[in-house]
Amino acid sequence: MEWTRREFLAAASMAAAASKAAEEWHQRVRRVGQVNFSEKDVAEADVEAWADYWASCRVDAVQINVTGMIAFYPTEVPFHKRSRWLGGRDFFGECVRAAKKRGIRVIGRLSPDLQWEDALEAHPEWFVRDREGKPVPPFSRTPGLYQTCMFSTYFSEQTPAILREVNARYDVDAFYANGWPNWNLPECWCEACRGLPPRGTPEFREAFMDRVIELWTLYDRIAKEKSAENLFFGNLGGGFRTGVDLQRLAPHCLWFNADNQGRTGAAPVWGAAQQGRVAQAVMKGRTVTNVTGAWSTGSPMWRNAAKSPAEAEIWMAQTAASGMAVWYHWLGAQTGLGEDRRWQEHGRRFLQWHAKHNAHFVNRRPLAGIALLLPQRTQTFYTNPGEGDAGEHVQGWYAALLEGRHLFGFVHEDDLSGDTLAPYRLLILPNAAWLSDEQCRRVEAFAAQGGAVIADFETSLYDERGRARADFGFARLFGIRKTGERTGVRGFYNSFYARIENAEHEALRGFRNTRWLAGAEWRVPVRSETAPVLTVAPPYPGYPTEAVFTETPRTDEAALALREAGGGRCAYFAGDVGRTFWRSFHPDPLRLMLNTIEWALGGRRAVRVEGEGLLELFAWETEAGFALHLLNYNNPQAHRGVYLKHSPVGAQRVRFELPREVKARRVTALRSGQALRFSQRGRVVEFTVPAVTDYEVAAIE
Ligand SMILES: [Zn+2]
C-alpha cells in the first residue's frame, strides 16, 4: 500500500520528466489511426492508400505491426517468425516511410502474449504451464500458439531483443504492447511462477505489479535508447474493473492507452466516457487514448465488418468529451484497404472535425465539484453478498450522477491527498468496503476541512487486506455503530423498506403520499448518533399474499444517517442504494441519492444544464478557454446500449460559472458550427444550446 522509497523516487523523477515532457509530441497527440494488419495483409495492403487515408484524417500518429508473434519485417531475432507472405519485402519499413513522408509519428505494435509451438523445445521456460506442465493455448484456441508467461525471459529478453532490432533499423517514435499487462492471468506452474503467491490474491497483485513496473520501465528505457522523446506504453482497459493497480503504474506512464474498443452485450451507454474518467484520475492530464473499434465489436463478432456509424461516432464522442485522444481502429487490409470500407467515411468526418477544433480538445484541467471514489481494491477482491459484481455499486452511483446532470471526476483510493481533493466539495464512496486506516484518516481530514462525504453499505468495514473490522472505519465520521451482520433477502421476498421519520428534511424532498420508500436489497444494521431521517422496516414475505404484511413496521435502525460535522455534511446509507438502483431502476433510491447529493453540496453547483434527455456532461479548462461537452444518451434502442441512429434532444439551458474572472469573447457550438448568444454577469456565463444530436461542445473563448 505504502510506496517503497525506490518507487517514490522513481515516481518523483517520472513526474519531473512528465512536466518537462508536456510539450513533447506524445503529450500533444490528439488523434491516432490504426489498421491492425493480419499476417496475410503483407501481401494485400496498399501502403500508399493506407497512409493517404490516415493523413486525410489528420492523425498525429499511426500504429504499425512489429509484433513478436509474426514479424512484419525481415527480422534476425530467433523465433520471431516472419510472415509467410513477406518474401523479400520489408512491410513494416514501407509503412514507416509512408507515414513519415506525411509527417505522421509511428508507434510499433508488439504482441508479447503468445508464441508458436516451434519455440517450445528451445525455450520451454517461455510458456505458461498448467498443473501437468503442459503449455496452455490461448482463449481463441488458435492452433500452434501458446500463452507466454510474463514472469519468464520471453518478456525480459526476447521482447527487448525485438525492440532493439527495430530501434536500430527504423525511424520509430514509440512502442506499444497488445495483450499486456493482463491481470486475468491463467494459473501458471512454470519455473518462474512457482514461488509466487496464489493468483487472485492481494499478495499476488503486489508481485504482479512489481513485474509490470519492472518490464514497463525496461521497455521504456529501451525506447529511449533511440531518442529521449520516444516511449513505451501498454494495453490498459477494463475501466474501473481492471485488476492492474492504476495508481501504482501511473507514475511510470507518459501515455495511458485504454483498449476499450466498443460496447459488449448490454454494457451501459457510457463505456468510453467512464473509461476516460478512470484514466484521467490517475494520469492527471498526461496523454490518454481510447481505441474505437470501427469493426463490429461484441458478440456475435465481425472483425472485418463495420459497426453502425452512430455507434462508432458516440464512442469517439465519449472519448473526446472525457478528455482522451481519439484512436480509430480497423482490422484487415484485404484487397488494399479492406473488403468493407464503410468505416472510412464516418471515421474521417469525425477526425477532421476534431482536428479543426484541436485547441478546444487540449485540456488544461477538468472542472467538477464531486469526486467519486475509485475503490480499486474493493473492485478487484471484494465479493458481493448478493448477485452481480462489485462494479454494480459504482455503476449505480454513476447512473445517479448522470440523472442529476452533475459534473464529477473519479479519484483513486490511494490518492486522497489534500491537493487531489482540494477542487472537490463532495466525495462519494460507492461501497468502498476495503479501506486502510490511512485512507479512512484522509477522508476524515477532507471532512474536517469542510468537505462533504456520502457512503453506502459496507464502506470501510474491511481493511486493505479484506480483514473485517469490528465496526466501521468511519463510525466516528458518520456517527454510526454497527449492530449486526450484513443482511438481505433474495427471491420472492420484500426487500427492506425505508420509513420516513422526518419528511421536512431536504434529503426527503419530493416524496409525497407515502411513509414508506423502496429501501435496498442488502444492508448493514446500524444505529445512528442522531435521530435518523429514515429508518428500516425489515424484509418480510412476498407470497402468499395473505402473508404479505409485517409485524415490525418500524424500528430504530437507521436507513440513512446524516451528520453535520466541522462544516462538512456527511451521509451514510445502510443499504446498498447504488447497487439497488442499478438492479431495480426504482426511482426511490435514485431520488434519495440525488437529494442527499444536493443537501451535501448545500445547493452549490458551478455548472447547471437544464433541458430534456439523458446527458453525460464534462467541463474543461482548455487551451482556447473553456469547453462544456454534452453527450446525448437518448437512444431509441432502449433494450440495448448500441446506437443504430442518433435521437436528437432539444434546447439545453446552461449556467456556467467560470473558475476565475475572465471576459468571454465568444461561445460556439462546435458540432453544429453555430455561434451562440450569451450573457455574462461576473463569472457566470449563460447561454442555450439549441439541440444536441449525438454530441455537442459549447466552447467558451
Ligand atoms: Zn509462469
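# A tour from loop to sheet

Start at P181, in the loop between β6 and α7. Helices (H or I, at least four residues) and strands (E, at least two) are DSSP runs, numbered from the N terminus. The model is predicted: local features need pLDDT of at least 70, side-chain atom pairs need pLDDT 80 or more, and totals for chains, interfaces and linings use all residues. Numbering runs from 1 along each chain as its sequence is written, and side-chain values use heavy atoms, without hydrogens or water.

Select W180 together with P181. The peptide bond joining W180 to P181 is cis, with omega near 0°.

**The zinc site**

Now select the zinc ion. Which atoms coordinate the zinc ion? The SG atoms of C149, C188, C190 and C193 do, at 2.3 Å. (Donors are N, O and S atoms within 2.8 Å of the metal, or 3.2 Å for Na, K and Ca; water is not among the atoms, so sites may look incomplete.) Along the chain, the donors follow the spacing C-x38-C-x1-C-x2-C.

Trace C149 to the loop between β5 (145–147) and α6 (153–169), and C188 to the loop between β6 (174–177) and α7 (202–226); the pair therefore ties together parts 39 residues apart in sequence. C149 and C188 are both buried (under 20% relative accessible area; exposed is over 50%, partly exposed in between, with a 1.4 Å probe and protein chains only). The four donor atoms subtend angles of 98 to 121° around the zinc ion, so the arrangement is tetrahedral (all angles between 85 and 135 degrees).

**Two helices**

Next, show helix α4 (residues 47–56) and helix α11 (residues 342–356). Their axes come within 9 Å and cross at roughly 35° (lines fitted to C-alpha atoms, for helices over the stretch in contact; angles run from 0 to 180 degrees between N-to-C directions). From α4, select Y53, W54 and S56; they meet W343, Q344, G347, R348, L351 and Q352 in α11 (heavy atoms within 4.5 Å).

Step back to T335, in the loop between β12 (325–331) and α11. Its phi is near 45°, a positive value in a residue other than glycine.

**The sheet**

Colour the nine strands of an open, mixed sheet, in the order β15-β14-β16-β17-β28-β27-β25-β21-β22. Strands pair if DSSP finds at least two bridges between them. At the edges stand β15 (408–412) and β22 (516–518); each has a single partner strand, so one side of each lacks a neighbour in the sheet. Ignoring direction, neighbouring strands are turned by 25° against each other on average. Helix α9 (residues 271–283) packs on the sheet, where it touches β14 (370–374) and β15; its direction makes about 50° with that of β15.

Zoom in on β25 (residues 534–537), which pairs with β21 (residues 497–500) in the antiparallel sense over four bridges. A498 has V536 as its bridge partner, and R499 has T535. On to β27 (residues 558–565): β25 pairs with this strand over two bridges, also antiparallel. There, T535 stands opposite A558. Which way do the β25 residues point? L534 and V536 point one way, T535 and A537 the other, and all are buried.

**Last stops**

Y543 to P544 is a cis peptide bond, with omega near -10°. P544 sits in the loop between β26 (540–541) and β27.

Is N431 buried or exposed? N431 is buried, with a relative accessible area of 1%. Find this residue in the loop between β16 (426–429) and α15 (437–448).

Finish at R490, in the loop between β19 (487–488) and β20 (493–494). R490 is exposed, at 51% relative accessible area. Leaving out residues up to four places away in sequence, R490 touches P385, G386, E387 and E521.

How values were computed. Tetrahedral: all angles 85-135°; square planar, octahedral: opposite > 155°, others 65-115°.
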